[in-house]
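I opened a notebook on a structure that is new to me. These entries record what I looked up, in the order I looked.

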Amino acid sequence: MDYELIPPSGRRLSRDEYLGMIDRGEFTYDVFEPASEIAVRIFQDAAAVRYQARIAARWSGGSDRGLYWHTDLYELREGRWQAVWSHATRIRDAD
């Protein structure tokens, strides 16, 4: 699998599932912006990125807004950094 996202719901989404939901209009971001400094750790051909993001999103049957921690893992592939994993966790006391 080239990319995998674990959103706050805990459901694992492949790249195609995630982008398909966005393309079909089943999931829309109204706001997705950094809310903290972006920390980066590089380990040879991999890098970890961690930051807080302010998000407002809508999907079929609901919507949500809040502050979330994001941790993303990138791999260096053929000279380009490519996202391979992403994980988001809601910051509950920020609501």
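Which helix and which strands each supply at least two residues of the lining of the largest pocket? I found helix H1 (15-23), strand E3 (27-34), strand E5 (46-59), strand E6 (62-77) and strand E7 (80-90). Helices (H or I, at least four residues) and strands (E, at least two) are DSSP runs, numbered from the N terminus.

Ground rules. The model is predicted, so I note that local features need pLDDT of at least 70 and side-chain atom pairs count only at pLDDT 80 or more, while totals for chains, interfaces and linings use all residues. Residues are numbered from 1 along each chain as its sequence is written, and side-chain values use heavy atoms, with hydrogens and water left out.

Overall layout. I listed one helix and seven strands in the chain. From the N terminus their order is β-β-α-β-β-β-β-β. The C-alpha trace spans about 40 × 30 × 20 Å along its principal axes.

The pocket. I looked up the volume of the largest pocket, which is about 540 Å³. A pocket here is an open set of points on a 1 Å grid over the protein atoms alone, where a 1.4 Å probe fits, with protein on both sides within 12 Å along at least five of seven lines; lining residues have an atom within 4 Å of a point. The lining has 24 residues, and Pro7, Pro8, Ser9, Phe27 and Tyr29 lie nearest the centre. I sorted the lining into 17 nonpolar, three polar and four charged residues.

Burial. Of the 95 residues, 29% count as buried (under 20% relative accessible area; exposed is over 50%, partly exposed in between, with a 1.4 Å probe and protein chains only). Ala57, in strand E5, is buried because its relative accessibility is 6%.

Salt bridges. I noted eight of them in the structure (a side-chain nitrogen of Lys or Arg within 4 Å of a carboxyl oxygen of Asp or Glu). Glu33 and Arg54 meet in one at 3.4 Å, N to O. Glu33 lies in strand E3 and Arg54 in strand E5, so this pair ties together parts 21 residues apart in sequence. Another joins Arg24 to Glu26, with the closest N and O atoms 2.8 Å apart. Arg24 is exposed at 54%, whereas Glu26 is partly exposed at 30%. Arg77 and Glu75 also meet, at 2.8 Å, N to O. Asp2, Glu75 and Arg77 are linked in a network.

Terms used: Grid points are joined across faces, edges and corners, and a volume is the space filled by probe spheres set on the points. Ala, Val, Leu, Ile, Met, Phe, Trp, Tyr, Cys and Pro count as nonpolar, Asp, Glu, Lys and Arg as charged, and the others, Gly among them, as polar.
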